[in-house]
Each structure stands twice: as C-alpha cells, then as structure tokens.
Amino acid sequence: MPTSHIEKKGAKAKGKSALQKAARLASTQRSHFQKTASTHVTYLWPAATDLHVSCNTEDSQIGVAAAAAAAMAIRNFWSMAAAAVGFRLVLVLFGGDLHLASRPEVSTPLTSIRRLAEGYWLKQASMSPYSGSMYHGSPLLLSVLGPLTNKRSVGHDHIYCSLIFVAVDFIAAMLIRATGRRLQIARNRRLKSLELTEAVSNSVNVSAGDIASLIYLWNPWAIVTCVGSCTSPIENLMVVIMIYGACSRLAPLAAFGYVMATHLSLYPAILIVPIILLLGYGPDAPPTKVFRIKRSSASKTGVSDNDKSSRSRDVQQFLWKPVFHFILWMLFWTFYVLLLSSIVLNKVGGLQEMFKKTYGFILTVKDLSPNIGVLWYFFAEVFDFFRSFFLIVFNMNIVFMVLPLAIRLKHRPCFLAFIYTAIVAILKSYPSTVLVVESVSSMIKHDRKLRLLVTA
C-alpha cells in the first residue's frame with residue numbers, strides 16, 4: 001500500500017478523534033450551562049417549582065415570575081392583613097396629635113364625626129338633630145355611633161368610634177377578598193365555555209381577591225379616614241356588601257347593602273344598574289357576539305348538532321327570578337329603614353325634615369366650605385340667578401352617563417360598578433379621598449386571550 005494512502009487514513013482518523021473530542025467537550029459545556037441556568041432560575045424564583053409552570057417560552061418565564069410573586073402575596077396574606085389592622089390600631093391609640101378629623105380631604109359635612117356628635121347632643125336635648133346647619137347624616141348613625149361620641153380619652157376625642165371603623169375596614173376587606181374569588185371562578189368558567197381550556201390551565205394563579213383586599217387595607221387614604229374618625233368606612237362597607245351579595249346572587253344581602261348605601265349617601269343609587277346585571281347575568285359574562293362567532297365557525301367546520309346545542313346553552317341567559325327577589329327585598333329594607341328612622345326622629349323632627357337635610361343638602365350644595373372637589377368654588381363664584389340651572393346640569397351629568405355605559409359594559413357588571421363609582425368620585429358634591437374604587441379595579445383581572453376575543 002502506498003505511503004500517501006496510509007498517511008491520508010491516519011489524517012482522517014486523527015480528524016475523527018478530534019471531532020469526537022470537540023463534540024464531547026461541547027456536550028459537557030452544554031450540560032454545565034443548563035445546570036447553571038437551572039440553578040440561577042431556582043435561586044431567583046424558588047416558588048416556581050411549587051407552581052409547576054413551564055419555562056419554555058418568554059411568556060411562560062414572565063408567568064413564572066408573576067406566579068411566584070402572587071404565591072408570596074397569598075402565602076403572607078394573613079400576616080399582611082394583621083399588620084394593616086395593627087398599624088391602624090397604633091395610629092388610633094397613639095396618633096391623637098394628628099388632628100385628621102378637621103382635614104377637608106378626610107372629613108366632609110356628610111361624614112364628619114364632630115358634626116355627628118353635635119347632632120347627637122341636639123337629640124339628647126330634645127331638639128331636632130337637623131336644627132341649624134351642622135348634621136346632615138343618617139339618623140340611624142346617631143343611635144349607633146352617637147353614644148360613643150360622649151366617651152373620650154386623653155389625646156383622642158372619638159377613640160371608640162375609630163376602633164369600630166377599624167373593624168369595619170377589616171370586614172370590608174374580607175368581603176372584597178370573597179368577591180374577588182367569585183370573579184375568578186366565573187372567569188375560569190367562561191374561559192372553559194369559550195373552549196379556552198389551555199388558557200385556564202396555563203394562566204397564572206393570581207388571587208385577585210387577596211391582592212384587592214390588601215390594597216384596600218394598605219390604602220393610605222383608607223387608613224387616614226379610619227384614624228380621622230370619619231363615617232366613610234361604613235359607606236364603603238355597604239357598597240362592598242351590595243357588590244358581594246350581587247356576585248353571590250344573594251338578593252336579601254344585595255338589597256340590604258344597596259338600601260343602606262343609598263340611605264347614607266344618595267349617589268350609590270346609580271349602582272342599581274350593575275347590581276341588576278350581576279344578579280341577572282352573573283359576575284362575568286362574555287358578550288353574546290363571541291358565542292355567535294364560535295357557532296358560525298363551528299357550522300363552517302361541520303360540527304355535530306349535539307356540540308352546537310351544548311355551545312348554545314353556554315350563552316349566558318338573563319335570569320329574572322333573582323332580580324325580582326332583589327326588588328322585593330329592596331322594598332322591604334326601604335320600609336324597614338324608614339320605619340327605624342321615624343322612630344329615632346320621633347318628637348324631634350320627622351322624615352320630611354330628614355330628606356330635606358340629607359338628600360336636599362347633597363343636591364343643593366348649600367355648604368360651600370372648601371373641600372377637594374370643585375363644586376364649592378364654582379357655586380361660590382356663580383351668580384344666584386344661574387345657580388338653579390347649574391345645579392341641574394351638575395346633578396344630571398352623572399345620570400346622563402348611566403345608560404350608555406350600561407349598554408357598552410353590560411357583560412362586565414363589576415367593571416361597570418367601578419366606572420360608576422369613579423364618576424361619582426369626580427362629580428359628587430362633597431367628595432373625600434377614600435373610595436372603594438382602587439379595590440374594585442384591582443379585582444377586574446381578565447386573561448389576555450379572553451380580552452382579545454371580547455374586543456374583537
């Protein structure tokens with residue numbers, strides 16, 4: 001055999017061995033890199049191993065991070081809630097020098113605890129609590145909170161009322177948490193009805209109710225209002241009770257919250273539209289056009305009649321029975337509240353004076369003391385000849401927005417309630433800083449695919 005042929009074979013053998021060595025080195029480096037990367041991922045997000053979320057794509061990696069953060073929030077929920085309550089108690093017991101009850105951002109003529117104490121003193125003196133221009137709240141609050149205003153401690157005028165407001169805030173946060181879970185269950189059910197089971201299984205397990213309740217508990221304005229002895233937490237609790245009862249389709253509870261919220265403040269009356277939609281359609285109902293699109297696509301692809309009938313049953317139908325029960329219970333609670341109010345105001349006024357000094361005071365904007373709104377300044381500058389006209393314009397401005405928003409957002413009743421509450425917060429006559437808007441808005445969490453379908 002020629003020497004050149006042997007040299008060529010030797011060179012080929014050496015080349016193969018070099019390639020094998022290079023391949024082994026590359027595989028070793030690849031395995032080392034994978035181990036290092038997995039170690040770093042486990043180090044950065046230790047909760048990802050418990051959530052069983054895949055990291056094959058960029059979206060899933062983002063989902064791992066969000067799920068890990070959500071898991072930490074859920075895991076520490078009760079400790080964070082207890083810390084929020086404890087922080088309130090510390091400010092109530094040792095923050096008497098803050099004088100928050102006199103701040104116009106916190107206290108309004110409708111929610112001031114000092115005005116309530118003045119009204120209770122007038123009632124105890126056998127006079128009408130609405131005498132003069134001090135008290136403009138509910139007579140029921142006089143019976144509940146009035147006796148507590150006489151009990152004072154050193155450094156804090158109304159400490160017992162503030163302690164009640166701390167408990168009220170905690171109850172409202174728990175109801176917000178339960179409402180968020182109801183919304184999440186309804187959302188997953190609708191995703192399955194739209195055959196988006198993959199979106200349900202791959203979606204991040206974010207507990208919207210936990211996050212919303214923590215936002216409410218740690219909202220600085222809610223804390224300031226609670227410490228400042230303002231009756232706004234009670235109004236917020238009634239609004240939350242109303243929304244929770246409607247999401248759970250508990251007509252008596254929803255009617256009680258609606259009647260009490262409207263009795264304490266006139267503006268929650270417009271929330272009857274989302275409450276009826278919640279009772280009729282449920283907490284989360286995609287628009288019917290989405291189901292029509294799926295039925296048309298199913299007919300084109302040749303789906304069987306059984307599948308078509310099952311898909312047609314998935315379309316959410318409006319139920320009139322819970323709405324009818326809600327109306328009956330609303331009439332009952334209205335009669336009961338008016339009866340109790342007449343008993344409280346017996347021989348010291350009447351229901352006619354109560355309506356004039358509460359609802360009439362809200363609509364006519366007679367108190368022009370400075371607040372965070374714009375109506376007090378506007379009506380302080382406007383001529384008296386045009387006052388009635390602008391009163392009608394400002395009050396009807398809220399009503400004009402009810403019907404168009406209800407037509408557009410009837411499939412999202414909770415989001416519709418959030419929009420109404422935001423409008424009221426902007427346009428009400430005596431606004432304050434604390435509202436349930438932040439908590440309700442944080443509960444409106446929808447999957448990205450479902451949102452694309454809805455807006456299609």
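This is a predicted model: local features need pLDDT of at least 70, side-chain atom pairs count only at pLDDT 80 or more; totals for chains, interfaces and linings use all residues.
Figure 1. Because aspartate 169 belongs to helix 7 (residues 159-193) and arginine 88 to helix 4 (residues 77-94), the pair ties together parts of the chain that are 81 residues apart in sequence. The structure has four salt bridges by the rule applied here, and the next view turns to others among them.

**Figure 2. A network of salt bridges around aspartate 210.** Arg177, Arg181 and Asp210 are linked in a network of salt bridges. The side chains of arginine 177 and aspartate 210 meet with an N to O distance of 2.5 Å; arginine 177 lies in helix 7 and aspartate 210 in helix 9 (residues 208-217), so this pair ties together parts that are 33 residues apart in sequence. Arginine 181 also forms a salt bridge with aspartate 210, and here the closest N and O atoms are 3.8 Å apart. This second pair likewise links distant parts of the chain, with arginine 181 in helix 7 and aspartate 210 in helix 9, 29 residues apart.

**Figure 3. Arginine 177 over the ring of phenylalanine 77.** Arginine 177, which takes part in the salt-bridge network with Arg181 and Asp210, also lies over the face of phenylalanine 77. The distance from arginine 177 to the centre of the ring is 4.4 Å.

**Figure 4. Aromatic pairs, with phenylalanine 415 and phenylalanine 418 as an example.** The structure holds 20 aromatic pairs. One of them is formed by phenylalanine 415 and phenylalanine 418, whose rings are tilted, with 5.6 Å from centre to centre and 40° between the planes. A pair of aromatic rings is described by the distance of the centres and the angle of the planes. Both phenylalanine 415 and phenylalanine 418 lie in helix 22 (residues 413-427), where they are three residues apart, about one turn of the helix. Phenylalanine 418 is buried, with a relative accessible area of 17%, while phenylalanine 415, at 28% relative accessibility, counts as partly exposed. Elsewhere in the chain, ring pairs link Phe256, Trp329, Phe332, Trp333 and Tyr336 into a cluster.

**Figure 5. Two loop residues with a positive phi.** Serine 126 has a positive phi of about 60°, although this residue is not a glycine, and it is found in the loop between helix 5 (113-124) and helix 6 (139-149). Lysine 347, again a residue other than glycine, has a positive phi near 70° and lies in the loop between helix 16 (320-344) and helix 17 (351-357). Both positions can be described by their accessibility too: serine 126 is exposed, with a relative accessible area of 61%, and lysine 347 is exposed, with a relative accessible area of 78%.

**Figure 6. Leucine 145 in the largest nonpolar core.** The largest nonpolar core has 88 residues, and of these Leu145 and Phe326 touch the most other members. When residues up to four places away in sequence are not counted, leucine 145 touches Leu116, Cys161, Ile164, Phe165, Thr231 and Ile234. In soluble globular proteins, nonpolar side chains tend to be buried together.

**Figure 7. The chain as a whole.** The protein chain holds 24 helices and zero strands, and 45% of its 456 residues count as buried. Among contacts with a separation of 6 or more, 74% are accounted for by residues 24 or more positions apart. The chain exposes about 24400 Å², and carbon and sulfur atoms supply 65% of this area.

Definitions and conventions. Residues are numbered from 1 along each chain as its sequence is written. Side-chain values use heavy atoms; hydrogens and water are left out. Rings of Phe, Tyr and Trp (its six-membered ring) pair if their centres lie within 6.5 Å; planes under 30 degrees apart count as stacked, over 60 as edge-to-face and the rest as tilted. Helices (H or I, at least four residues) and strands (E, at least two) are DSSP runs, numbered from the N terminus. Buried means under 20% relative accessible area, exposed over 50%, partly exposed in between (1.4 Å probe, protein chains only). A charge sits over a ring if NZ of Lys or CZ of Arg is within 6 Å of the ring centre and within 35 degrees of the ring normal. Contact means heavy atoms within 4.5 Å. Accessible areas come from the Shrake-Rupley method with a 1.4 Å probe; for residues, only the protein chains shown count as cover. A nonpolar core is a set of buried Ala, Val, Leu, Ile, Met, Phe, Trp, Tyr and Cys residues joined through side-chain atoms within 4.5 Å.
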